[in-house]
Amino acid sequence: MYTFPGFPNSSAPAWLDGLKFGRLAVVFFLVLSGFSLAISPAGRNWRSAGVGEFLRRRAWRILPPYWAALAISLIISWFVVPASHLGRPTGASVLVYGLVAQDNFSAPTPNGAFWSIGVEVELYLLFPLFLFLRRRLNAVALIACVTLPVIARGLMATDASPVEGNNWLAPHLAPVFVAGIIGAGVVNASERVQRLPWGWFAGLAALPVLALGLIQGSVWTVDHYFWVDLAIAPAMAMLLSALSTGRPATLVRLLTARPMQSLGGFSYSLYLIHLPIVMAVIRRVAPHFVSPGLPTFWFTLALALPVSVLGAWLFSRIFEMPFKQNRSWKSLIAQRRSRWSDASTQEAQGLFEESAQR
């Protein structure tokens, strides 16, 4: 999108059209988020470990790397390349994005990928309510309570095609998140339910949506993301249900391969920091070496991809992994002290051995 301006009706070669639909990857991420968070409650009759504890653990897991990435993104946006056509971030940007309120308030973004973090946080706040509805009512009632108001809003829009802005996306994407929650029920379901051909169900559910997008083209698909998101979510949820039962085996083997698991281990960090790196390469580095268009695309792919992956791995080691490996400040500080102590002991031992040899 940055290499070929004019999205979605850009001058990009037709064989790159599939890359225009990165929004669907975010939709899949939200389905996966609801699915993974609901697996444990589903095994306890849809009861969480407590609302306060859930929100504390989510904040501990999500916010420290996010705030670190926000600081880095602000520096890059101020001194290297703005992340938006609206200009460089302002004081309002620091406040809005620091409070993770970007889905509710507008301000020049320091990182174009951060919009979904605001949506995710709002869905975390609604997650205990979704579990309550699933436990007290049933799966169909939960889907109806969340989805019907969204459908009604869409039908009341001009030409029944809502125009999305940059804010208030959480209500529209809540059914996507709930689809993942419903799909998680398969993990702890009876053997009869688990043996159902969920992979085939997913393919059949996705086929009409993908066929319609192919027939209508990228411009139509992007203009109708409101409906496409809702239509593709069930297929995504059923695919996750299939994977949880070990099928299709080929895809399970691919996803459980060591390189994929390693990449998955710091994928959150990669999501947080990749875009400022891509922007810097496209706007500041590429113009000095290649011409616009396809040469810039290949140059960015060759340079920004490895730099993003390596940078995300390093970022995760500093800002993400410590919070994954520890559940509290007390545990984190104890781990740091233990490492410092071990390092000091090894250094002292080395000095002692060197002195003895002399």
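**Notes on the helix packing, cores and backbone**

1. Arg 57 sits in helix H2. This is a predicted model. Arg 57 counts as partly exposed, at 36% relative accessibility. Its C-alpha atom is separated by 8.9 Å from that of Ser 328. Along the chain, Arg 57 and Ser 328 are 271 residues apart.

2. Next, the packing of H2. Helix H2 covers residues 51–79, and helix H4 covers residues 115–136. Their axes come within 9 Å and cross at roughly 170°. An angle over 145 degrees counts as roughly antiparallel, so H2 is roughly antiparallel to H4. On the H2 side the contact is made by Val 51, Phe 54, Leu 55, Arg 58, Ile 62 and Tyr 66. H4 supplies Ile 117, Tyr 124, Leu 125, Phe 127 and Pro 128. By class, the residues of this contact divide into 10 nonpolar, no polar and 1 charged.

3. Now the nonpolar cores. The largest has 63 residues. Tyr 66, Phe 114, Phe 127, Phe 130 and Leu 272 have the most contacts inside it. Two of these, Tyr 66 and Phe 127, also belong to the contact of H2 with H4. Beyond its neighbours within four places in sequence, Tyr 66 touches Tyr 97, Val 100, Gln 102, Phe 114, Ile 117, Tyr 268 and Leu 272. A second, separate core has 10 residues, among them Ile 76, Ala 280, Val 281 and Ala 304. Nonpolar side chains tend to be buried together in soluble globular proteins.

4. Aromatic pairs deserve a look. The structure holds 17 of them. One, Phe 29 with Tyr 271, is stacked, at 6.3 Å centre to centre and 20° between the planes. Phe 29 lies in helix H1 (residues 22–42), and Tyr 271 lies in helix H13 (residues 267–285). The pair therefore ties together parts that are 242 residues apart in sequence.

5. Phe 297 and Trp 298 form an edge-to-face pair. Their ring centres are 5.3 Å apart, with 75° between the planes. Phe 297 is buried, with a relative accessible area of 16%. Trp 298 counts as partly exposed, at 44%.

6. One aromatic cluster is formed by Phe 54, Tyr 124, Phe 127, Phe 130 and Phe 177. Of its members, Phe 54, Tyr 124 and Phe 127 also take part in the contact of H2 with H4. Phe 127 and Phe 130 are listed again among the residues with the most contacts inside the largest core.

7. Most residues other than glycine have a negative phi, and most peptide bonds are trans. The peptide bond from Arg 247 to Pro 248 is cis, with omega near -10°. Pro 248 is found in the loop between helix H10 (225–244) and helix H11 (249–255).

8. Trp 46 has a positive phi of about 65°, although it is not a glycine. Its place is the loop between H1 and H2. Trp 46 counts as buried, at 7% relative accessibility.

9. Asp 159 is another non-glycine residue with a positive phi, near 60°. Asp 159 lies in the loop between helix H5 (139–156) and helix H6 (170–183). At 73% relative accessibility, Asp 159 counts as exposed, whereas Trp 46 counts as buried.

Note on methods
Residues are numbered from 1 along each chain as its sequence is written. This is a predicted model: local features need pLDDT of at least 70, side-chain atom pairs count only at pLDDT 80 or more; totals for chains, interfaces and linings use all residues. Side-chain values use heavy atoms; hydrogens and water are left out. Axes are lines fitted to C-alpha atoms, for helices over the stretch in contact, and angles run from 0 to 180 degrees between N-to-C directions. Helices (H or I, at least four residues) and strands (E, at least two) are DSSP runs, numbered from the N terminus. Angles under 35 degrees count as roughly parallel, over 145 as roughly antiparallel, 65 to 115 as roughly perpendicular and the rest as oblique. Contact means heavy atoms within 4.5 Å. Ala, Val, Leu, Ile, Met, Phe, Trp, Tyr, Cys and Pro count as nonpolar, Asp, Glu, Lys and Arg as charged, and the others, Gly among them, as polar. A nonpolar core is a set of buried Ala, Val, Leu, Ile, Met, Phe, Trp, Tyr and Cys residues joined through side-chain atoms within 4.5 Å. Buried means under 20% relative accessible area, exposed over 50%, partly exposed in between (1.4 Å probe, protein chains only). Rings of Phe, Tyr and Trp (its six-membered ring) pair if their centres lie within 6.5 Å; planes under 30 degrees apart count as stacked, over 60 as edge-to-face and the rest as tilted.
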